[in-house]
Amino acid sequence: MRKLVSRSVSVMLLFAAALAGVLSQAQPSTTDGQQQFAELGVCKLTGGHEIAGCRLGYRTWGTLNEQRSNAVLFPTWFSGTSKDIQGSVGAANMLDPAKYFVIAVDALGDGVSSSPSNSTTQHGPDFPAFTTRDMVNAEYRLATETFHLKHLHAVMGISMGGMQTFEWIVNYPDFMDIAIPIVGSTRLTGYDLLLWHAEEDALKEDPAWQAGRYSQAPPMGEVETIHAMNLSTPANYARTHPPEKFGAEYAQYFSKGILPFDANDWLAQLEAMIHHDVAHGGSLEDAAKRVKAKVLVVVAAQDHMVNPKPALDFASLLGAKTLVLESDCGHLSPGCEAEKVNPAARAFLDGL
């Protein structure tokens with residue numbers, strides 16, 4: 001994640017570029033990082049529906065060792081793709097491919113894996129609703145059916161990837177040794193719900209959305225504006241977006257919006273986060289009792305997009321190690337404070 005000097009108006013591009021900028025200091029080999037797909041057939045969802053022709057996109061870096069004990073699974077953040085995770089791979093970054101076999105997974109709904117935008121039989125609003133738990137269940141199938149793994153060294157992820165990481169340690173507690181959820185959450189706070197429902201309402205009320213049956217992808221300017229307001233902090237935004245440039249930048253929010261990310265995909269992943277709850281309606285205390293992995297919880301104290309309190313509360317229940325980032329970059333703090341996050345993640349993965 002690069003420091004907040006970007007003027008990108010698409011939050012997907014901003015988040016992807018931000019992660020790539022600071023984190024990508026080492027180039028993966030030319031044989032690594034190629035887009036691949038796992039055909040899973042039917043993915044049964046927790047809500048009772050099914051995704052037909054279910055497939056997951058993924059990319060790998062490094063080599064699986066003879067003991068098959070060095071695999072690290074890294075699911076994508078909201079509106080991100082596995083290509084964006086390349087910025088986290090490298091000897092000086094979070095994951096050293098000389099040590100670990102990195103599996104970056106395109107979460108359901110990201111436009112690469114099965115999504116409303118790319119399904120031929122369940123297109124657009126006909127695509128079934130899925131949850132972060134469904135994302136993780138599909139990723140478990142990828143690990144066990146495609147890679148034939150019986151265990152992972154670690155699961156880690158950022159933002160919605162952090163939410164999936166929390167799901168992993170509760171739902172598959174014996175499957176990994178280590179977990180590193182970064183600016184994620186176990187369940188949303190009232191403020192998080194206010195933000196995500198505001199985005200959902202703005203998307204659905206935009207005439208260009210056409211109840212999800214548009215022929216040309218709409219930019220969703222109001223959605224992008226709401227998202228951009230919460231991605232960092234008021235202080236950071238004021239410092240990095242001088243008022244004399246406001247007019248041109250504000251216009252771009254509406255001309256570009258969330259593009260190139262698809263509006264139906266955005267809505268599907270948004271609703272997955274809205275319903276995210278690792279306790280699945282039960283108590284977080286009981287969910288915490290299931291966890292067996294060693295956990296490093298990374299949060300941003302000034303995060304306006306994913307409130308840090310649920311993650312810190314869960315860390316307390318686990319007796320987990322925590323890293324609290326204090327910059328005014330808000331949700332983008334893992335990039336702004338990469339000099340803290342990267343070595344902390346490397347050391348935790350190495351058991352130091």
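Which side chain of opposite charge is nearest to D303, and how far away is it? I looked this up first. The nearest one is R239, 15 Å away. D303 is buried and has no salt bridge. I note here that the model is predicted.

**Entry: around D303**

I placed D303 in the loop between β7 (294–300) and α10 (309–318). Next I looked for a polar partner. A polar atom of the D303 side chain lies 2.8 Å from the backbone nitrogen of M305. Then I listed contacts, leaving aside neighbours within four places in sequence. D303 is in contact with V183, P308, G330 and H331.

**Entry: R239 and D328**

The side chains of R239 and D328 meet in a salt bridge, at 2.7 Å from N to O. This pair links distant parts of the chain, 89 residues apart. R239 sits in helix α6 (residues 234–240), and D328 in the loop between β8 (321–325) and α11 (333–336). Is D328 buried or exposed? D328 is buried, since its relative accessible area is 17% and the cut-off is under 20%.

**Entry: other salt bridges**

How many salt bridges does the structure hold? I found 12. One of them joins D174 to K292, with the closest N and O atoms 2.7 Å apart. D174 lies in the loop between α3 (160–171) and β6 (176–182), and K292 in the loop between α9 (284–290) and β7, so the pair ties together parts that are 118 residues apart in sequence. Both D174 and K292 are exposed.

I then turned to E337 and K340. They form a salt bridge, and the closest N and O atoms are 3.1 Å apart. E337 is buried, with a relative accessible area of 9%. K340 is partly exposed, at 44%.

I also noted a network of salt bridges that links E200, K204 and E271.

**Entry: two buried serines**

I looked up S115. It lies in the loop between β4 and α2 (132–146). S115 counts as buried, at 0% relative accessibility. What does the side chain of S115 reach? It reaches the backbone nitrogen of D110 at 3.3 Å. Not counting residues up to four places away in sequence, S115 touches G109, D110, F127 and D265.

S79 is in the loop between β3 (71–75) and β4 (101–105). S79 is buried, with a relative accessible area of 1%. I checked S79 against F261. They are 182 residues apart along the chain, and their C-alpha atoms are separated by 6.8 Å.

I ran a second pair, E66 and I182. These are 116 residues apart along the chain, and their C-alpha atoms are separated by 29 Å. E66 lies in the loop between β2 (50–61) and β3. E66 is exposed, with a relative accessible area of 78%.

**Entry: helix α5**

Why do I call helix α5 (residues 221–231) largely enclosed by the rest of the structure? I call it that because 9 of its 11 residues are buried. Those buried in α5 are G221, V223, E224, T225, I226, H227, A228, N230 and L231.

**Entry: a nonpolar surface patch**

Which residues form the nonpolar patch on the surface? I read F246, Y250 and F254, with about 260 Å² of accessible area together. Y250 is found in helix α7 (residues 246–255). Y250 counts as partly exposed, at 34% relative accessibility. An α-helix has 3.6 residues a turn, so residues three or four places apart point the same way.

**Entry: backbone geometry**

I checked the peptide bonds. The one from L259 to P260 is cis, with omega near 15 degrees. P260 is in the loop between α7 and α8 (263–274).

I then looked at phi values. Q210 is not a glycine, yet it has a positive phi of about 55 degrees. Q210 lies in the loop between α4 (190–205) and α5. Q210 counts as partly exposed, at 48% relative accessibility.

H280 is not a glycine either, and it has a positive phi of about 50 degrees. I found H280 in the loop between α8 and α9. H280 counts as partly exposed, at 35% relative accessibility.

Definitions and conventions
Residues are numbered from 1 along each chain as its sequence is written. This is a predicted model: local features need pLDDT of at least 70, side-chain atom pairs count only at pLDDT 80 or more; totals for chains, interfaces and linings use all residues. Side-chain values use heavy atoms; hydrogens and water are left out. Helices (H or I, at least four residues) and strands (E, at least two) are DSSP runs, numbered from the N terminus. Buried means under 20% relative accessible area, exposed over 50%, partly exposed in between (1.4 Å probe, protein chains only). Lys and Arg count as positive and Asp and Glu as negative; His and the chain ends are not counted. A salt bridge is a side-chain nitrogen of Lys or Arg within 4 Å of a carboxyl oxygen of Asp or Glu. A polar contact is a pair of N or O atoms within 3.5 Å; within protein, one must be able to donate a hydrogen and the other to accept it, and residues adjacent in sequence count only if both atoms are side-chain atoms. Contact means heavy atoms within 4.5 Å. Patches are made of residues with over 30% relative accessible area and no salt bridge: like charges are joined within 9 Å, nonpolar side chains (Val, Leu, Ile, Met, Phe, Trp, Tyr) within 5 Å. Accessible areas come from the Shrake-Rupley method with a 1.4 Å probe; for residues, only the protein chains shown count as cover.
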